[in-house]
Amino acid sequence: MQLRSDGSFSGERKTPWQRGHGVDAVLEQWRRDRDVAPNLVLDEVLPSAEAVFAPFPDTLAAPVVQALKARGLTQLYTHQAHAFALSQTGADLVVATPTASGKSLCYLLPVLQSLATDREARALFLFPTKALSRDQEASLHRFMEQAGLAHGAVTFDGDTPADARRSAREKSGVILTNPDMLHTGILPHHASWARFFAGLKYVVVDELHAYRGVFGSHLANVLRRLERVAKFHGASPKFLCASATIGNPKEHASRMVGREVQLVSESGAPRGERQVLVYNPPVVNAELGIRQSYIKTSARLTADLVKAGVPTLLFGQSRNGVEVMLKYLRDALVAARIDPDVVHAYRGGYLPHARREIETRLREGQMKCVVATSALELGIDVGSLDAVVCAGWPGSVAALWQRFGRAGRRQGTSLSLLITSSAPVDQYMASTAKRLLSAPAEQARIDPDNVEVLVQHLKCAAFELPFEGDEGFREVPAAQVRDALGYLAEHRVVHAVATPGGQATWHWSADAYPANDVSLRSIGWDNFVIVDLSTDKTMAEMDWRSTHTMLHEQAIYQHEGRQFQVERLDFENHKAFVRPVEPDYYTDAMTFTKVTVMSRAHEAAAPTHELGTGDVSVVERVVGYKKIKFHTHENVGYGDVRLPEMQMHTTAVWLTVPEAVVQSFSAPRPDVMDALRGLLSAMHTVAAVGLMVDPRDLGQCVGGREGDGRGSALFDPTLYLYDSVPGGVGLSTRLFDERESLLRKTRELLEGCACDEGCPACVGPGAVDAVHRGRKTLALAVLSALGVTALS
């Protein structure tokens, strides 16, 4: 017999008080557990892969080779060598290899090479978040010190002190920043950055997959402005992009930088063995189709991993979900006599110093588990993790594997576990779990030529430099730019000055500072601060939209596993005042949504229904909140909320059912309306899966033909699916183009569901109760009345 690391001998039967250690021990325990094993709908092993190496390139500068050897490297992975070779030909490139494959070296080597061979060379690194740029700054500093390079690297963001900003402009060889700071803090003041822009050789865009939709469309225009300013100062930088696995990395990068890029996608990095599991919680109420809480299940299974000493990352869907799971995990560890402080939360809203402390403690192995939102999907270095648990479907195949890739950064077995909720898309994924191993990653889409986005950045560009008469805007033709500038001139924000050659030069003429009025992320900069009344200190911050649902008066705000009650919300001064409490419940906001059609782009009429797409106004208002008891999740009370409405202009696709069709059913009108809500829920599921987008990217609402969602009077019921981001990203247009397939596949989903009368997996939550029995049957009858038959 041999001694194991847990103190037992091989071949010896464990006593009840002995705990297994490591991933393998937990897996063995789950596979024997009669409460767990039957619900594992996927239990597969992804084999390990050996590294494929390449020697250091002969042209690699001696200081860079010296730095690599100081880090213990004697050769490169093949994809790193390939990326370096492409960069030396002057190509723009995108590296799209799996998480933890060493993508950073693919862009660091060309940058360090240029710094080592040219004292005046400069580089700009763009990261989607401040936390990520700070994390990369420390790593880059060490690398440059090992190479003996004195150029310096500085993070330039809103937290950078004034004296450091001055030093960054004048001396730093590498600037690390985020798109927002480049947009508002650097480009409008490019004259102060003349030396930096004159020497700009490379622009690094890390986490390229994060730039999609409106945010990505804005960034593409910021890069247009960046190239324009660099050209003015005599530089022509090359772009080095890094992306997690997405369906169209080359197309996406080419669209982002305005020209064709070279793709590096064959990874030479090693990969440890990975156990991939999907757990579908058991049905606890067959009649209602309700499954065991995925929140509680995720906390319970994660507790098993923490007790076994497995460094684990648990991803939640929301801030509230993260804090609830943190509480449940700590309660479980206290019961097992384990220090609860080995588990911490990481999410948006924590103050910068708190986030950095969590990152450091996790990296140094002081914490065994972090419960996080998507903030940790990105490449922040959190050390070696052996397990990732996803509580709920993260919205896309790409996001799932991005999260799973956070574990297994060292050799040995790692665990990737998805725990599905009762949501329709989750249940679809559970029913086709095997497909996850081979499913293609979704495509990232942007529309930088969206008129609303483009015009905003033309204003910013005109403020930075006058437009010459025949000047385009990177790949935007000069004629289109002239038309847009003419429109701006009519509104007196630019004016044309005739040149001797007869062409006009367009100058900025307004008093306003345009970049301040353009938010890249389509959310306000005006965060609310959260003040703890017991200490009179600021403890966190919250974005404007989330404040409505999480910081209304009497809400239970959860922070680092503790509960605080919101005593007062000062909406005008953007402050929320909270005090610590110990309730046995948390709060969940209820919202009312109303959609109004502003303009119609396309319509298709049939004898029994109408389909259309166009611009809409979406108004959301938080109308109340529920009190949800910890652990049992019982609803133990309600409260009212009185806050201003939130309004957004976006695009939608809609299905209008004439009142005559509604009246043709023998069922009472409220039952038909309920069936239509179930039908919309099924359409939403089919749309999200068909478009391969996060279900949260599509909003849904039942209203009237012109958006009257009260449902109290007779009106033509209308089902809306709308883009969840202001301005839209083209999802509704794609749905309209596939409208017949959308309806037929919706019927297939309903007919193919194993339930009798409806469940959360088909016609949505709350499908069957004493009043609404037969919701599924009636929804199918509505489709028949509309002439929708299943695909053959």
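**Strand pairing and burial in a predicted model**

Strand β17 (residues 387-391) lies parallel to β18, and five bridges join the two. This model is predicted.

Me: What makes β17 and β18 paired strands?
Reply: Pairing requires at least two bridges found by DSSP. β17 and β18 have five bridges, so they count as paired.

Me: Why is β18 called largely enclosed?
Reply: A residue is buried at under 20% relative accessible area. Six of the six residues of β18 (residues 414-419) are buried, so the rest of the structure largely encloses this strand. S414, S416 and L418 point one way, while L415, L417 and I419 point the other way, and all are buried.

Me: Which strands form the open sheet, and in what order?
Reply: Seven strands form it, in the order β6-β7-β5-β8-β9-β4-β10, with parallel pairing.

Me: Why are β6 and β10 called edge strands?
Reply: β6 (153-155) and β10 (262-264) each have a single partner strand, so one side of each lacks a neighbour in the sheet. For β6, strand β7 (residues 174-177) pairs with it over three bridges in the parallel sense. In β7, I175 is the bridge partner of V154.

Me: What makes helix α5 a helix that packs on this sheet?
Reply: Contact means heavy atoms within 4.5 Å. Helix α5 (residues 130-146) touches β5 (122-126), β6 and β7, so α5 packs on the sheet.

Key
Residues numbered from 1 in each chain as written. Predicted model: local features only at pLDDT ≥ 70, side-chain atom pairs only at ≥ 80, totals over all residues. Heavy atoms only, no water. Helix = DSSP H or I, 4+ residues; strand = E, 2+ residues; numbered from the N terminus. Axes fitted to C-alpha atoms, helices over the stretch in contact; angles between N-to-C directions. Buried < 20%, exposed > 50% of the residue type's maximum accessible area, 1.4 Å probe, protein only.
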